[in-house]
Structure formats: C-alpha cells, structure tokens
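Biologist: I have a new model open on my screen and would like to understand the words used for it. Could you take me through them one by one?

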Amino acid sequence: MTNYIGRRLILNFVVLLFVASLVFFATRALPSDFAEKRLATSLEITDQTAAVQQARKELGLDKPLWQQYVIFLGDLATGDLGRSYETHRSTWQEVSRRLGPTLQLSVATMLIAYSMSIPIGVLSAVKQNQWLDYVLRGFAVLGVAMPQFVTALFLSLLVVKLSLFEIDVVGRPNLWTDPEAAVKLYAIPALAGGIAGGAGVMRILRSQMLEVMRQDYIRTARSKGLRDRNVWLHHALKNAMLPVLTVFGFTLGGLISGQIILENMFNIDGVGRFLFTSLNTRDFPPFQGTVLIIATVVVTVNLAVDVMYAWLDPRIRYT
C-alpha cells in the first residue's frame, strides 16, 4: 500500500505539472491581455499603444513566453501562486476570501446529491420494473441529461411564479450572518447541482444493487429468514456502495465546474465566480493559481477514495 501511495503521489505531481503548463499556455493564447483590457476602457489616454507597452513592462508581460513560463514554475516551486494584476493581493488571499460561500454551496450540493441518490437508487432496484422504478429511472435520466443551469433556471421560474420566497442576490448573505436569507439564496443552485451530481450516482447504485441482490450470499441471508429491509440495507447496500465511492472523485470535479455557472447566475461571490471574472479580465496569476488549487483538491480526493476502496473491500490489494 505504501508503494502504491508513493507512485500515486508521483503521478499526481506529474498531472498537476501538466495542468499548470496547460493553463499557462492556454491563457497566453487568448486574444488580449490584462493591459489591453484595462486600458481599452480608459478614454482619457490618447496614446494607448505606448500605455499598453508600459503596462506590459510593469506586469512582466513583455518578456518572452519561455521566460514567463520559467518564472511561473519557479514561483510554483516556492508555493507562490502569483498576485492579482488588479488588486495586488496574492492568489491565496483572493481564494480564502471567497472560500466560505463556495464551501457552503458545495456542502449543501453534496448533501442533497447523496441524501437523494442513495434512497432513490435502492428503492428503484427493490421495485425493479414496477411503475415506481420507471418514474425514478426517468427522473435519473432527466437529471443526467439536463445541464445544471437549465435546472436552476426552471426552479427559479417556479419559485417566482408561485411566489414561494424571495432570493437576495444583491446582499450576498451567508449562513453565519443571515441564515434564512442564505438558505433561500443557496437552495436553488444547491438543488440544481445536487440533482445533476446525484443522478449519475442513482443509476450506478441501482445497477450495482441489482447485481448484488443476485449473489449467493444474499439468497443465503434470505434463507435464514432475515427481513427484506435487513438484507437490502445490511448486506446488499454495503457492497453496492463500493463503485459509488469510486465515482465520488468524478462527481466532485463535475460539481466544481457546475459551480462556476451557478455562482455567476446567483451572484454568489465564491471561487467559481472569481475564476470567471479573472479569466474575463485576463488577470492570469489568480486564475492559474485557483485552477491549480482545484486540481490539487480533485487529485487528492481521488487518491483518498482509492485508499478507502481497499480499506472497505479487503479483497483489493495494491502492489
């Protein structure tokens, strides 16, 4: 196991280096940079060409691309993810300021996704080929097929049409200062993200439950006179959950990408919205650093899931 974790850490390092290089060169391939974007809105500057050149020199954007890349990697080696061109704050400071809203939305989304998908997956398998199974399978397929922002749009229209509650997208409330307003603000994006993230889990869990329930040890458990509920929950569900745990890492990646859209839709000042704003203004250092932080979280969670997989199923051995 120790050798396996060591190899995975090396592989994760290579993956993160690839992600960092890809993001660096992709941002430099965009049609304009921060200096052009910033000075293009200034009507007071008559000679914009000279001003742009001066701004690029101050920001280090006039250096050759290879030199900028070497500086970028050198900063990464020391843990420096760069400073924002606009605010002059470090990437760590910018991300930490916005981590609260993103964590609140992420936790709510994950709770909804798994609290909804596990019972529905089990119920759909238990009621196989009955009307309830067809309804739940249709709901799961719809959740997989429909983008998160479309679901959020329909839910918003439903809330407005029925006058269920008001959504404060201007005040940006959080759970610590105004819990009621925060719950109303996060309810729709969390539900939309939860349906999208949980729909795939529902389908996987249903198919795994059906496969497990045909195993000999399940028939043995039934022959001992155990009640159906005990067989489903204590014998079948535990083994059917292993593949669900495997897709947890992928679900996390999908939720993060979905939050970029949802945070912009509902004006939530989180990391996803910050990513979009940084890219739109060509503020490259915080954009690169934030993507790298997210990539680090995703590969670390996937490594933890693989380790837990072997712990939950003693038959699995990593060499």
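**Salt bridges**

Modeller: Let us begin with arginine 98, which forms a salt bridge with aspartate 269, the closest N and O atoms being 3.4 Å apart. This is a predicted model, where local features need pLDDT of at least 70 and side-chain atom pairs count only at pLDDT 80 or more, while totals for chains, interfaces and linings use all residues. Residues are numbered from 1 along each chain as its sequence is written, and side-chain values use heavy atoms, with hydrogens and water left out.

Biologist: What makes the pair of arginine 98 and aspartate 269 a salt bridge?

Modeller: The term asks for a side-chain nitrogen of Lys or Arg within 4 Å of a carboxyl oxygen of Asp or Glu. Here the closest N and O atoms are 3.4 Å apart, so the pair meets the definition. A search of the whole structure finds 10 salt bridges.

Biologist: Which parts does the pair of arginine 98 and aspartate 269 tie together?

Modeller: Arginine 98 lies in helix H5 and aspartate 269 in the loop between H11 and helix H12 (271-280), so the pair links parts that are 171 residues apart in sequence. Helices here are DSSP runs (H or I, at least four residues), as strands are (E, at least two), numbered from the N terminus.

Biologist: Why is arginine 98 called buried, and why is aspartate 269 called partly exposed?

Modeller: Buried means under 20% relative accessible area, exposed over 50%, and partly exposed in between (1.4 Å probe, protein chains only). Arginine 98 has 12% relative accessibility, so it counts as buried. Aspartate 269 has 24%, so it counts as partly exposed.

Biologist: What separates glutamate 94 and arginine 97 in helix H5?

Modeller: About one helical turn, because they are three residues apart in that helix. They form a salt bridge too, with the closest N and O atoms 3.5 Å apart. Glutamate 94 is buried at a relative accessible area of 1%, whereas arginine 97 is partly exposed at 49%.

Biologist: And how do you know that aspartate 216 is exposed?

Modeller: Its relative accessible area is 54%, so it counts as exposed. Its salt-bridge partner is arginine 219, with the closest N and O atoms 2.4 Å apart. Arginine 219, at 47% relative accessibility, counts as partly exposed. Elsewhere, salt bridges that share partners join Arg89, Glu94, Arg97, Arg98 and Asp269 into one network.

**Aromatic rings**

Biologist: How many aromatic pairs does a search of the whole structure find?

Modeller: It finds five. Rings of Phe, Tyr and Trp (its six-membered ring) pair if their centres lie within 6.5 Å; planes under 30 degrees apart count as stacked, over 60 as edge-to-face and the rest as tilted.

Biologist: Why is the pair of phenylalanine 24 and tyrosine 69 called tilted?

Modeller: The ring centres are 5.3 Å apart and the planes stand at 50°, so the pair is tilted. Phenylalanine 24 lies in helix H1 and tyrosine 69 in helix H4 (residues 65-77), so the pair ties together parts that are 45 residues apart in sequence.

Biologist: What makes the pair of phenylalanine 24 and phenylalanine 72 stacked?

Modeller: Their centres are 5.2 Å apart and their planes at 20°, so this pair is stacked. Both phenylalanine 24 and phenylalanine 72 are buried. Phe24, Phe25, Tyr69 and Phe72 form one aromatic cluster.

**Core and loop**

Biologist: What makes a set of residues a nonpolar core?

Modeller: The set must consist of buried Ala, Val, Leu, Ile, Met, Phe, Trp, Tyr and Cys residues joined through side-chain atoms within 4.5 Å. The largest such core has 21 residues; Tyr114, Val122, Leu205, Met209 and Ala236 have the most contacts inside it. Helix H5 gives the most to this core, with six residues.

Biologist: What does serine 32 contact, leaving aside its neighbours within four places in sequence?

Modeller: Serine 32 is in contact (heavy atoms within 4.5 Å) with Lys37, Arg282 and Phe284. It sits in the loop between helix H1 (2-28) and helix H2 (34-40). Serine 32 has a relative accessible area of 17%, so it is buried.
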